[in-house]
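Trainee: I would like to learn how to read helix packing and confidence in a model. Can we work through one case?

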Amino acid sequence: MASVTFEKATRIYPGGTRPAVDQVQLTVKDGEFLVLVGPSGCGKTTTLRMLAGLEEVNEGRILIGDRDVTQVPPKDRDIAMVFQNYALYPHMTVAENMGFALKIAGVKKDERAARVLEAAKLLDLEPYLDRKPKALSGGQRQRVAMGRAIVRKPEVFLMDEPLSNLDAKLRVATRTQIASLQRRLGVTTVYVTHDQVEAMTMGDRVAVLKDGVLQQVDTPRALYERPANVFVAGFIGSPAMNLLTLNITAGGVKFGNSTIKIDSAVLAKTKEKTVTVGLRPEDLVITKSDGIAVEVDVIEELGADAFLYGSAVIEGKKTDVIARIGSISSLRSGDKVFLKPQGGITHLFDVKNGARLNNDVPATAKKAAAAKPAAKTATKKVAAKPAAKKVAAKPSVKKPAAKKPAAKKK
């Protein structure tokens, strides 16, 4: 196993006007599952291919462990790659496909068979070892492609959108299998996807890219609660965060017919008269008459949850708004409601550069911090009680001893 380090790695395609990957500075820890995510054309696959040695690195360097592999051929990098289109040999059986790389490397037949069988057990492919790819489902073919990578026992796994050809239900099942398998094997893994839900559910950390530039690298929870800029805020989360441009007023921002209080020190960080406010769908609640007036377009029923999709006129501009509402609701298309954030506003961004303005601690972190002192106090109290009992216990032992002579006189 080994860590992976990108040191200002840059890729400029011939004839390109700007870098496809622009000075990416990133470290993947040993045994970590890191997901590269972003919209189409953001440079995530190019970044992966640079690590694999399939794309030239024009500037900077790439390290696997302590070894500089920037100019090392792909076959000598000790990596295994799983492609989007499976890339299986149609004339070979599952066992032959999985062991082909070992055969080329000169591994003996007995060892090859043992390693293929071991990988097949991990991937539930034992019953299919004698089948050819055409006799397998999409999910089984993808597992064969993964098995071919696993048998090589590389230092790093690279996966380029391996689930994009699967149907929705199979994707959910397979992504769970991949994540649990990676944790069992403990191999450093770099995984590329455009699906942010996939990224949030699979990765130890997630790296968000836009136009070849790394925007933010953090845990899924931190990305959700503290996005570094407007792009990350709008990209991470499903449904997407509401991003509203609101006027700054005395003590806060104008929110429909009400004012939402915001610390003046935060608002002082921008010189503009407006600010971008980020509100998750779950942050908005329906009120009688406070907040912004929203006309309901669609109510999306999801069983346990329901989402309101509507539009509001904010500062003379029609804006789409999404709110999570109760699963049992009488609202219909065309209805009008008022929405207001519960608990205040937690995401503020500069309207010019999109950078985050407020650096407050997320609500979950506040709860955790508040719980720690309480735990200490409780421990002290529990420790004090036994001490009090010991002092009280000494006289209780002496008293029965003093009553013994009185019993003899009777």
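This is a predicted model: local features need pLDDT of at least 70, side-chain atom pairs count only at pLDDT 80 or more; totals for chains, interfaces and linings use all residues.

Trainee: What does the protein chain average in pLDDT?

Mentor: pLDDT is the predictor's confidence in each residue, from 0 to 100. Here the protein chain averages 86, and 87% of the residues score at least 70.

Trainee: Where is confidence lowest, and where is it highest?

Mentor: Helix α10 (residues 363-409) is lowest, with a mean of 43, while strand β9 (residues 205-210) is highest, at 97. Over residues 361-410 the pLDDT is below 50, and this stretch has five contacts in the model beyond near neighbours in sequence.

Trainee: At what angle do the axes of α2 and α3 cross?

Mentor: Angles of 65 to 115 degrees count as roughly perpendicular and those over 145 as roughly antiparallel. Helix α2 (residues 94-104) and helix α3 (residues 109-122) cross at roughly 130 degrees, their axes coming within 9 Å. The two are therefore oblique to each other, and their crossing is right-handed.

Trainee: Which residues make the contact of α2 and α3?

Mentor: On α2 they are Ala95, Met98, Gly99, Leu102 and Lys103; on α3 they are Arg112, Arg115, Val116, Ala119 and Ala120. By class, six are nonpolar, one is polar and three are charged.

Trainee: How do α2 and α4 pack?

Mentor: The axes of α2 and helix α4 (residues 138-150) are 7 Å apart, at an angle of about 35 degrees. This crossing is right-handed. Val94, Asn97 and Met98 of α2 meet Val144, Gly147 and Arg148 of α4. That contact has three nonpolar, two polar and one charged residues.

Definitions and conventions. Residues are numbered from 1 along each chain as its sequence is written. Side-chain values use heavy atoms; hydrogens and water are left out. Axes are lines fitted to C-alpha atoms, for helices over the stretch in contact, and angles run from 0 to 180 degrees between N-to-C directions. Helices (H or I, at least four residues) and strands (E, at least two) are DSSP runs, numbered from the N terminus. Angles under 35 degrees count as roughly parallel, over 145 as roughly antiparallel, 65 to 115 as roughly perpendicular and the rest as oblique. A crossing is left-handed if the near helix is turned anticlockwise from the far one by less than a right angle, and right-handed if clockwise. Contact means heavy atoms within 4.5 Å. Ala, Val, Leu, Ile, Met, Phe, Trp, Tyr, Cys and Pro count as nonpolar, Asp, Glu, Lys and Arg as charged, and the others, Gly among them, as polar.
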